[in-house]
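Hi,

Here is the structure I promised to pass on to you. Have a look at it first, and then read on for what turned up.

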Amino acid sequence: TFQRQLAAAKQQQHQAKQEAQRVTALIEEKEKEERRLVEEQERRTAERRKRIDQQGLDVINAWNFAIVGQTGAGKTTFVNCIRGLKNGDEGYAGVSCGVVGTTQKTKYLHPSADFFVMWDVPGCGADENPTASYFEDECLDLFDSLILCYSSRWTAATTMLVKKAVQYNIPICIIYTKTDVSVYSMQRENRSLTAAAAETELRKRVSRDVHNKLASNNISASV
């Protein structure tokens with residue numbers, strides 16, 4: 001009987017030792033994984049900080065808006081309108097009348113709010129800025145907000161930009177540009193339509209179009 005009790009005690013001791021070793025291994029594995037996650041986060045933070053510095057963004061004292069959209073969508077004109085500048089004014093952003101458009105990111109400060117920083121980003125869709133990689137190529141995930149300019153029609157590039165903004169959880173505002181051209185076109189089609197009536201109808205059309213395009217791509221929005 002004593003020998004059986006002794007054997008049972010040794011067995012229990014062995015099992016307890018194995019359990020302690022198992023628990024110790026689990027703790028060590030968990031600590032190793034936690035260290036890996038911390039190191040990975042630090043690496044990502046350092047990489048993001050480096051990319052921010054390379055882009056010249058002040059993420060402490062400014063709110064950085066990226067003005068994006070297809071080439072020729074009226075991004076630079078929008079920047080001038082927001083800043084209240086006309087052709088010939090000091091600081092007026094040059095507007096391209098050709099197909100090239102803006103070729104590099106350009107920084108503009110709001111005249112009455114220097115923390116409001118607008119970045120005129122080269123348009124997507126050109127050979128230098130293929131649509132598929134545009135968001136990553138222009139580092140748009142680093143900006144606080146996006147202002148998406150589009151005119152005439154909604155394109156696949158427009159959808160891509162909205163989806164990417166949602167993916168990166170970046171607020172995005174959609175602006176319909178060149179409304180004067182659209183109003184003029186509507187009045188030519190309907191001679192009895194006044195400018196005010198055309199603007200009202202255009203506003204309804206654009207709002208409906210944006211809602212429908214977002215809904216068809218399973219994107220919720222507040223317009």
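R36 counts as partly exposed, at 42% relative accessibility (partly exposed sits between buried, under 20% relative accessible area, and exposed, over 50%, using a 1.4 Å probe and protein chains only). Its partner is E33: the two form a salt bridge, with the closest N and O atoms 2.7 Å apart (that term means a side-chain nitrogen of Lys or Arg within 4 Å of a carboxyl oxygen of Asp or Glu). E33 is partly exposed too, at 33%. Both residues belong to helix α1, and because they are 3 residues apart there, about one helical turn separates them. (Helices are DSSP runs of H or I with at least four residues, strands are runs of E with at least two, and both are numbered from the N terminus.)

Before you go further, two notes on the ground rules. This is a predicted model, where local features need pLDDT of at least 70 and side-chain atom pairs count only at pLDDT 80 or more, while totals for chains, interfaces and linings use all residues. Residues are numbered from 1 along each chain as its sequence is written, and side-chain values use heavy atoms, with hydrogens and water left out.

Now look along helix α1, residues 2-55, for R22 and E19, which are 3 residues apart and so about one helical turn from each other. Their side chains meet in a salt bridge, 2.7 Å from N to O. R22 is partly exposed at 45%, and E19 is partly exposed at 37%.

So where does D141 lie? You'll find D141 in the loop between α3 (134-137) and β4 (145-150). D141 is buried, with a relative accessible area of 13%. Which residue forms a salt bridge with D141? That's R51, with the closest N and O atoms 2.8 Å apart. R51 itself is partly exposed, at 22%.

Elsewhere, salt bridges that share partners join E40, R43, R44 and E47 into one network. The count of salt bridges comes to 9.

One last thing about D141: leaving out residues up to four places away in sequence, it touches R48, R51, F135, Y168 and I170 (a contact being heavy atoms within 4.5 Å).
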